[in-house]
Amino acid sequence: MILACNNINKAFLEQDILKDASFHINERERVALVGINGAGKTTLLRILVGEMDADSGEVIRAKDTTLGYLPQQQEYHSSQTIYEELLAVKSDVIEMDKRLRVLEQDMVKAEGNELKKIMEQYNRLQTAFESGEGYSYKSKVVGVINGLGFGGDAMNQCIDTLSGGQKTRVALGRLLLMEPDLLVLDEPTNHLDLESIQWLESYLGGYRGSVLIVSHDRYFLDRIAEKVVEIEHGKVMTFNGNYSMYAKKKEALRETLLHQYYNQQQEIRHHEAVIEKLKSFNREKSIRRAESREKMLAKIERLDKPQEYEKKMSFTLTPYQTSGNDVLKVEDFKKSFGDNELFEHISFEIKRGEKIAILGQNGTGKTTLLKMICGLEPADTGTATLGTHVEIGYYDQEHNILHEKKTIFEEIQDDYPYLDNTEIRNVLAAFLFTGDDVFKQIGQLSGGEKGRVSLAKLMLSEANFLLLDEPTNHLDIASREILEDAVNNYTGTVLYVSHDRYFINRTATRILDLTEKKLLSYPGNYTYYLEKKETMERIHLDTAPDTAQAKGVSQGKLNWKAQKEQETKKRKLQSAYQKEEDFIEELENRIAAIDREMLLPENATSVEQLTKLSEERDEKETALTSAMERWEQLAQELEALNVKEGG
């Protein structure tokens with residue numbers, strides 16, 4: 001165990017945020033902390049890392065445990081470049097490297113005992129240098145920089161010139177390179193594009209320490225978490241497994257508790273009815289029996305009805321009229337900002353009823369494409385033609401369509417003057433704005449609150465073609481699920497940009513991937529996109545033969561350096577493939593051996609031994625499934641490499 005949280009209590013203004021919160025984190029364990037917005041997740045993190053005191057309870061860390069904390073928001077100032085800032089994390093290794101170079105020069109001049117002494121010092125330092133990843137620290141730093149989306153010239157940007165989100169990414173990079181025993185990350189994926197999120201998943205999957213994560217990214221939690229700690233109504237409960245397993249267990253637990261509660265209520269009512277009947281007889285014997293039953297009833301430990309958060313968004317999206325079958329036709333779109341060309345020759349069509357997600361790295365032009373379609377950004381070339389009876393509703397992730405000086409009430413009233421005060425209040429209540437909340441100025445709202453106002457306007461618009469730019473940003477998991485249901489039940493057409501892969505997987509009927517200035521279409525959800533991505537990109541983005549011909553080199557040939565790199569890659573793949581195949585054989589042999597052992601008379605009659613063997617078999621089966629998946633992936637990569645070599 002690396003950290004234990006025991007009976008933590010915390011209240012603000014007499015409102016209990018945490019009540020006897022207890023859980024623990026084991027070494028190398030990946031734990032997700034979940035709960036709705038305002039449940040107390042960030043408060044608990046701040047208590048765990050020592051930034052805030054609990055009212056009572058204790059946090060215990062294993063001896064000499066190092067801890068790294070990434071808050072959602074932070075002040076970060078540095079005159080260094082991104083590369084310099086992250087390289088500085090390895091200053092101890094850099095100093096050892098410099099010291100080794102000095103000792104090498106000293107050895108050239110020294111003789112006898114002095115030389116022996118220097119060599120001993122050099123060997124000790126060399127051992128420490130190697131164990132500290134002295135030969136790989138630079139590549140590790142560059143790997144983290146690339147993974148977080150700062151590759152190429154971007155790594156030479158000065159940190160003080162970066163946006164808040166970019167600075168948070170740099171802070172995350174520093175923490176990953178520091179490699180603390182326990183990483184505490186509060187919404188680490190908020191400022192990452194899909195490619196960077198996938199890289200972070202892979203990095204954390206191989207991380208040598210423990211990880212505690214707060215995130216609303218359910219796909220990310222499914223891939224990372226081994227345990228889920230939930231905060232609900234101030235109470236903490238622990239569930240083993242990833243997010244999807246937690247969601248199923250949570251629902252089953254709630255059903256069980258409700259069943260127990262209603263059964264007990266029925267039992268109590270029965271006892272009360274019998275007591276009332278006995279008293280009505282008005283005889284000494286029946287009164288004594290009634291009193292006896294009352295005492296028995298008083299001893300019953302009453303179950304509380306399982307609580308639900310009353311405050312949940314509640315809305316539907318309903319188009320005013322049905323559009324024609326052809327909703328949108330984009331022809332030959334091109335867009336540049338100065339020398340930065342985002343895309344060219346972009347053409348696609350959208351039919352009624354489609355739910356289409358646009359994917360792509362940050363900076364590829366996804367938001368710009370939406371703005372061009374709805375006329376907020378001019379195209380350099382090309383046209384966007386709307387179909388018959390198509391009415392657009394636009395959700396802007398920056399909420400620029402909201403008016404900072406207006407109140408929430410005025411924002412709705414001015415755009416929908418036909419609504420009376422009661423109707424406006426009812427609409428806003430559905431989006432969790434009640435009482436005096438409706439008179440808050442837009443400029444004073446949080447990102448999540450602005451998002452809810454934008455969704456309210458979207459619902460009232462009665463549009464039949466929705467353009468949504470990051471609609472799940474700042475929404476908690478419960479609100480995201482409500483939005484998913486609204487989109488899935490919507491009879492109109494939706495085109496949206498999102499980094500929420502769980503949301504995409506549940507809602508998308510088609511995916512448009514904006515990559516290398518082109519738009520690739522995948523007729524399916526996110527899982528289908530992942531399956532076909534490599535093949536599609538190889539077909540549509542591989543321009544190597546044309547380039548080779550233009551340079552006068554025969555088609556399909558690689559230059560010497562590229563050929564060597566490809567050969568090295570192939571050898572590594574073949575080696576990994578063979579190791580995985582050997583591991584699979586080893587697991588299969590052990591499973592077969594366990595089956596034989598379970599049939600032995602001395603084991604067949606021993607419950608303890610059978611349980612032990614059964615548990616080991618389950619572990620081996622799980623490992624075998626994972627190994628088979630890795631082996632299949634390696635086989636596909638080798639096949640793709642062979643196809644490429646074959647021209």
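Colleague: Is Glu-588 buried or exposed, or does it count as partly exposed?

Modeller: Burial is judged by relative accessible area: buried means under 20%, exposed over 50%, and partly exposed in between, with a 1.4 Å probe and protein chains only. Glu-588 has 41% relative accessibility and therefore counts as partly exposed. Please note that this is a predicted model, in which local features need pLDDT of at least 70 and side-chain atom pairs count only at pLDDT 80 or more, while totals for chains, interfaces and linings use all residues. Residues are numbered from 1 along each chain as its sequence is written, and side-chain values use heavy atoms, with hydrogens and water left out.

Colleague: In which helix is Glu-588 found?

Modeller: Helices (H or I, at least four residues) and strands (E, at least two) are DSSP runs, numbered from the N terminus. Glu-588 belongs to helix α19, residues 560-599. The chain has 21 helices and 18 strands.

Colleague: Which residues form the negative surface patch?

Modeller: Patch members have over 30% relative accessible area and no salt bridge, and like charges are joined within 9 Å. A salt bridge is a side-chain nitrogen of Lys or Arg within 4 Å of a carboxyl oxygen of Asp or Glu. Here the negative patch consists of Glu-581, Asp-582, Glu-585, Glu-586 and Glu-588.

Colleague: How many positive and negative side chains does the chain have?

Modeller: Lys and Arg count as positive, Asp and Glu as negative; His and the chain ends are not counted. A charge is placed at NZ of Lys, CZ of Arg, CG of Asp or CD of Glu. The chain has 84 positive and 109 negative side chains, and the centres of the two sets lie 3 Å apart.

Colleague: What should I note about the phi of His-399 and that of Glu-516?

Modeller: Both are positive in residues other than glycine: about 55 degrees for His-399, and near 50 degrees for Glu-516. His-399 sits in the loop between β14 (392-395) and α12 (408-415), and Glu-516 in the loop between β17 (510-515) and β18 (518-522). His-399 counts as buried because its relative accessibility is 6%, whereas Glu-516, at 57%, counts as exposed.

Colleague: Why does His-271 count as buried?

Modeller: Its relative accessibility is 9%, so His-271 counts as buried. This residue lies in helix α9, residues 243-281. Contact means heavy atoms within 4.5 Å. Apart from neighbours within four places in sequence, His-271 is in contact with Arg-293, Met-296, Leu-297 and Ile-300.

Colleague: How far apart in space are Cys-374 and Leu-467?

Modeller: Their C-alpha atoms are 8.1 Å apart, although 93 residues separate them in sequence. Cys-374 is in the loop between α11 (366-373) and β13 (381-386). Leaving aside neighbours within four places, Cys-374 has contacts with Ile-392, Tyr-394 and Leu-467. With 21% relative accessibility, Cys-374 counts as partly exposed.

Colleague: What percentage of contacts with a separation of 6 or more comes from residues 24 or more positions apart?

Modeller: Such residues account for 68% of those contacts in the chain. Buried residues make up 42% of the 647 residues. Along its principal axes, the C-alpha trace spans about 110 × 75 × 55 Å.

Notes:
Patches are made of residues with over 30% relative accessible area and no salt bridge: like charges are joined within 9 Å, nonpolar side chains (Val, Leu, Ile, Met, Phe, Trp, Tyr) within 5 Å. Accessible areas come from the Shrake-Rupley method with a 1.4 Å probe; for residues, only the protein chains shown count as cover.
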